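Please consider the structure shown below. The paragraphs that follow begin with a pocket and then turn to individual residues.

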Amino acid sequence: MGLLGEWTEELADLLWPPRCSLCPRVASVGDCCFDHALPEAPEGPRCPRCAARLPDAIGDGSLCAECRLRPPSFDLTTACWDYWGQKSAREHILAAKHRGRDELWTHLGARLGDRLKRSGVQRPLLVPVPSHLSRKIERGYDSMALLARAVAERCGGEVICALRKSRPTRSQGDPLVVDRSR
C-alpha cells in the first residue's frame with residue numbers, strides 16, 4: 001500500500017474508528033474493546049491430554065487424575081480458551097451461535113488455527129461435532145462446520161465430516177447447562 005493509501009486508511013480510522021465485534025465501543029485490542037478482547041490462551045496449567053484445568057500446584061505437562069485413571073483414546077488436546085473461565089471467549093462464542101454473528105466463526109477459527117500452528121500440530125485433521133438438524137434449521141448453518149473450515153484454512157488442516165448428531169442437546173448458553181470449571 002502506498003503512502004496515500006496508508007494516510008487515507010489512518011484518516012478513515014480517525015473519523016470512523018473501528019468498533020468492537022460485540023458492542024458499540026471503539027475497538028482497542030484487535031477487533032474488540034478492552035472488555036471483550038479475546039484472551040491469548042486458557043489460564044493456568046492444563047492437562048496435555050484433555051486440556052482440563054489443573055490446580056496451580058501441579059504444573060503444565062502433568063496429566064489430570066481422570067486421564068491417568070481412564071486414558072482417553074486420543075493423545076493431545078489444544079484449547080484456545082476456557083469457555084467457563086474466560087467470560088470474553090464465552091461472549092464471542094455465544095454471539096456467534098445465537099445472535100446470527102456467523103462472521104465471528106471466521107475470526108474464532110483463525111485464532112484457533114494460529115494456536116494449533118504455535119503448538120506444533122502439522123496438518124491437523126479436524127472432525128467437527130455437528131449441530132443437530134433442528135439447530136441447523138434454526139441458525140441457517142452448521143456453526144461447527146464453519147469454525148472447522150476457518151481453522152483448516154488458517155493452519156493447513158483438513159476437515160472431515162464423519163460424525164452425526166442423533167439427538168438434540170441443550171445449548172451451551174442454556175442456564176441449565178452445568179458449569180464444569182468448578
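The second largest pocket in this predicted model holds about 160 Å³ of space. Its lining is formed by Pro42, Arg46, Cys47, Pro48, Ala51, Asp60, Leu76, Thr77, Thr78, Ala79, Arg115 and Ser119. By residue class, this lining comprises 6 nonpolar, 3 polar and 3 charged residues.

Among the lining residues is Arg46, which lies in the loop between helix H1 (3-15) and helix H2 (65-69). Arg46 has a relative accessible area of 15%; because buried denotes a value under 20%, Arg46 is classed as buried. Two interactions of the Arg46 side chain may be followed in turn. The side chain of Arg46 reaches the backbone oxygen of Glu43 at 3.1 Å, and a polar contact of 3.0 Å joins the side chain of Arg46 to that of Asp82. Apart from neighbours within four places in sequence, the residues in contact with Arg46 are Ala51, Ala52, Arg53, Leu54, Asp60, Gly61, Ser62 and Asp82.

Gly44 and Asp56 are separated by 12 residues in sequence, while their C-alpha atoms are 6.6 Å apart in space.

Notes: Residues are numbered from 1 along each chain as its sequence is written. This is a predicted model: local features need pLDDT of at least 70, side-chain atom pairs count only at pLDDT 80 or more; totals for chains, interfaces and linings use all residues. Side-chain values use heavy atoms; hydrogens and water are left out. On a 1 Å grid over the protein atoms alone, a cavity is a set of points where a 1.4 Å probe fits but cannot get out, and a pocket is an open set with protein on both sides within 12 Å along at least five of seven lines; lining residues have an atom within 4 Å of a point. Grid points are joined across faces, edges and corners, and a volume is the space filled by probe spheres set on the points. Ala, Val, Leu, Ile, Met, Phe, Trp, Tyr, Cys and Pro count as nonpolar, Asp, Glu, Lys and Arg as charged, and the others, Gly among them, as polar. Helices (H or I, at least four residues) and strands (E, at least two) are DSSP runs, numbered from the N terminus. Buried means under 20% relative accessible area, exposed over 50%, partly exposed in between (1.4 Å probe, protein chains only). A polar contact is a pair of N or O atoms within 3.5 Å; within protein, one must be able to donate a hydrogen and the other to accept it, and residues adjacent in sequence count only if both atoms are side-chain atoms. Contact means heavy atoms within 4.5 Å.
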